[in-house]
Amino acid sequence: MPIKVYMLDDEPDICQIFKDNFSTTHIEIETFVDPKSLLEAIETAPPDLIFFDYRLPNTNGVEVAKSVKIKVPKALLTGDLEVTTTDVFEKKFNKQPFPWVEIENYLSEHLIRKAS
């Protein structure tokens, strides 16, 4: 059974790269460029995992993640070295350099969790 992954980043190109590189027959990825759309999607079709960009217009990924009402694993993607993860996030990934292998491994861990 596939896992459903949501990803929030205000840069459409980053969203497309994320989707192109991590979507498989076992990983369904839906991307969002604004928090409101993400939160609405969570209400109607809850995901198994959510990735949040840190820097967003008028807010940040920490604040958006805190507003998610369901219990779901969350990961932070950031280019800011000063961001400290809070207890909101299960994992933090630095965007520079982009952590391709680490994200693949993280997604694989969630596939295994869901299968067991």
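What follows is a walk through this predicted model, from the overall fold down to a few side chains. Local features need pLDDT of at least 70 and side-chain atom pairs count only at pLDDT 80 or more, while totals for chains, interfaces and linings use all residues. Residues are numbered from 1 along each chain as its sequence is written, and side-chain values use heavy atoms, with hydrogens and water left out.

Let's begin with the whole chain. It has four helices and seven strands (DSSP runs, numbered from the N terminus: H or I of at least four residues for helices, E of at least two for strands). Along the sequence they follow the pattern β-α-β-α-β-β-β-α-β-β-α. The radius of gyration is 13 Å, close to the 13 Å that the globule rule gives for 116 residues, so the chain is as compact as a globular protein of that length; the radius is taken over C-alpha atoms, and the rule is 2.2 Å times the number of residues to the power 0.38. Of the 116 residues, 39% count as buried, which here means under 20% relative accessible area, with exposed over 50% and partly exposed in between (1.4 Å probe, protein chains only).

Now turn to helix 2, residues 35-44, where L38, A41 and I42 are buried. These three cover an arc of only 105° around the axis, which puts them on the same side of helix 2; the arc is that of the directions from the helix axis to the C-beta atoms. The face turned away from that side carries the exposed residues K36, E43 and T44. The buried residues pack against strand 1, strand 2 (27-32), strand 3 (49-53) and helix 3 (61-66), with contact meaning heavy atoms within 4.5 Å.

At 0% relative accessibility, D9 counts as buried. A polar atom of the D9 side chain lies 2.9 Å from the backbone nitrogen of E11. Leaving aside neighbours within four places in sequence, D9 has contacts that include F32, D53 and K95.

Finally, the aromatic rings. Rings of Phe, Tyr and Trp (its six-membered ring) pair if their centres lie within 6.5 Å; planes under 30 degrees apart count as stacked, over 60 as edge-to-face and the rest as tilted. The count comes to nine aromatic pairs. One of them, F93 with Y106, is edge-to-face, at 5.4 Å centre to centre and 70° between the planes. F93 lies in strand 7 (residues 91-94) and Y106 in helix 4 (residues 100-115), so the pair ties together parts that are 13 residues apart in sequence. F93 is buried at 3% relative accessibility, and Y106 is buried at 2%.

Key
A polar contact is a pair of N or O atoms within 3.5 Å; within protein, one must be able to donate a hydrogen and the other to accept it, and residues adjacent in sequence count only if both atoms are side-chain atoms.
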